[in-house]
Each structure stands twice: as C-alpha cells, then as structure tokens.
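This report describes a ligand site and a strand pairing. The sequence and the structure are shown first.

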Amino acid sequence: MTEEAQQDLFGADEPPRIELAEGFFLLKAFVDTAPLLAQVQQVAAAAAFRHMQVGGGKQMSVAMTNCGPWGWTSSTAGYRYSATDPQTGRPWPAMPARFMDLAQKAASAAGFPGFEPDACLINRYAKGASLGLHQDRDERDLGQPIVSVSIGAEAVFQLGGLKRSEPLRQLPLRDGDVLVWGGPSRLRFHGVKALKPLPGGPDTRHNLTFRKAQ
Ligand code: MD3
Ligand code: FE
C-alpha cells in the first residue's frame, strides 16, 4: 500500500499512522515542536549538551543530554544508564510534563498503552553529525517500546533488521514526526545519516528518545 493510500484509511482529523514494519510506527507531523524546543533549552541549561566518548577514545559527533530519573551515558568504560549527570554529579533535570504526556500519547496511538518512560535522551545534530548503525539494548525490559520525536532540520534515518548485515531502508524524518517501535522491531539496527541542512531551513536537528530504562 502506498503512504497516500494508507493515510486515506484514517479520518481527516487523525494524524497519519504508518506501520513501516511489524511494531514500527511513523506518526507524521504528530506534534508542534516549538514548545518542545523551549523545554530542551531549559534542560540543557541545567545539564549541558556534550559529545560523549565511545570505545577507542573517539567522541560522538552527536551531542547529548538527558532528562528524567535516568540518563544514558557513554564513556571509555562503556554504556550505562545513570541517575546522575557524570559531568556535574547532580540528578538529571526532571522530565517536563509536556514530554511525558507526548510520549504516552504517541505510544498509545501506536498500540502500546501504559508506557511509563523513566529516561529521555536528547540528541543534537549539527551539520555533518551522524549516528552509526546500532541497536538500543541497554534498557532492562526490552518488552517496552521506545518513542522518538524529531525536531528541526530533516534527517535521513536508516532502518535495518535484527542482524547488522541486513539491508537498510532510508527514510526522511521531518520536524514533528514521531516514531514508536516495540515488539518484534524493538531490536532492529538503526542509524542516522550525516545531517545536511537545507538552505533557508533550520541548521540543527534535535531528537528526543523516551525509554523505560529500569
Ligand atoms: C529504531 N536516535 O538515540 S531515533 C538513539 O534520530 C537513536 O537521534 C536516533 O537511535 C536519532 O538511540 C534515531 C529514531 C529511530 C530511527 C530508526 C530506527 C529509531 C529506530 C530503526 C529501527 C529501530
Ligand atoms: Fe538508537
């Protein structure tokens, strides 16, 4: 079915919900991102964006911070969820009520009711920043879905399979698009290609990922 035909299955007032794979949903233009970006700036004022270290002493091109009870961190020692920001020793900023509400509404819209995220990882992409192919498997209960929200510049994301070697589908992600993935798609490999901001558009992309870490 084409995207257009699938959109016709929904009422005119319903945001289009596209199932890209079993348990993997794209909610196009699901949210107005202006208020979200303001909250991101508030979080970043208390827990600054930083380029985390990964194996081999390299730094990620994507800058990250977190809000909520748990935050994803990476160092030369490996990946983990931490209740405190290793840069300040303080707890991560609280998850804004608007974030929690959005994550729960999106999860429900994709058929995952009762989602209670306790972590929100915030990624910031400047021109050229990318995220290599990976799986999200640092969460305790892989039966819980993940919700992601795209803000700002358009990016091309790569949707793979359950093995790194499987072919990748490339899909554009635009401002306000929300992805929800769970069930058999929870451990799909995925990544984001180097950001190429379009002339006249925003030069930065932010992405929120809501997770149940513990
Ligand atoms: C899941 N972030 O933080 S989220 C991450 O846009 C992360 O910042 C990316 O991956 C970002 O761990 C992507 C959306 C996404 C895209 C493709 C996927 C999630 C996916 C494909 C398969 C499974
Ligand atoms: Fe990921």
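Which strands each supply at least two residues of the shell around ligand 1? They are β8 (119-125), β9 (131-134), β11 (155-159), β13 (178-181), β14 (190-192) and β15 (205-211), strands being DSSP runs (E, at least two residues) numbered from the N terminus. The largest share, four residues, comes from β15.

The model is predicted, so local features need pLDDT of at least 70 and side-chain atom pairs pLDDT 80 or more, whereas totals for chains, interfaces and linings use all residues. Residues are numbered from 1 along each chain, chains are lettered from A and ligands numbered from 1 in the order written, and side-chain values use heavy atoms, without hydrogens and water.

Around ligand 1 there are 20 residues, each with a heavy atom within 4 Å of the ligand. Asn123, Tyr125, Phe157, His190 and Arg205 come nearest. The shell comprises ten nonpolar, six polar and four charged residues.

The table gives polar contacts (N or O atoms within 3.5 Å).

| Side chain | Distance to an oxygen atom of ligand 1 |
|---|---|
| Asn123 | 2.9 Å |
| His134 | 3.1 Å |
| Arg205 | 2.9 Å |

Of the 520 Å² of accessible area that ligand 1 has on its own, the protein covers 98% (Shrake-Rupley method, 1.4 Å probe).

Strands β6 (residues 71-75) and β7 (residues 78-82) run antiparallel and are joined by five bridges; pairing requires at least two DSSP bridges. Together β6 and β7 form a hairpin with two residues between them. Thr73 has Arg80 in β7 as its bridge partner.

Note on methods
Polar contact = N/O pair within 3.5 Å; in protein donor to acceptor, adjacent residues only side chain to side chain. Nonpolar A, V, L, I, M, F, W, Y, C, P; charged D, E, K, R; others polar.
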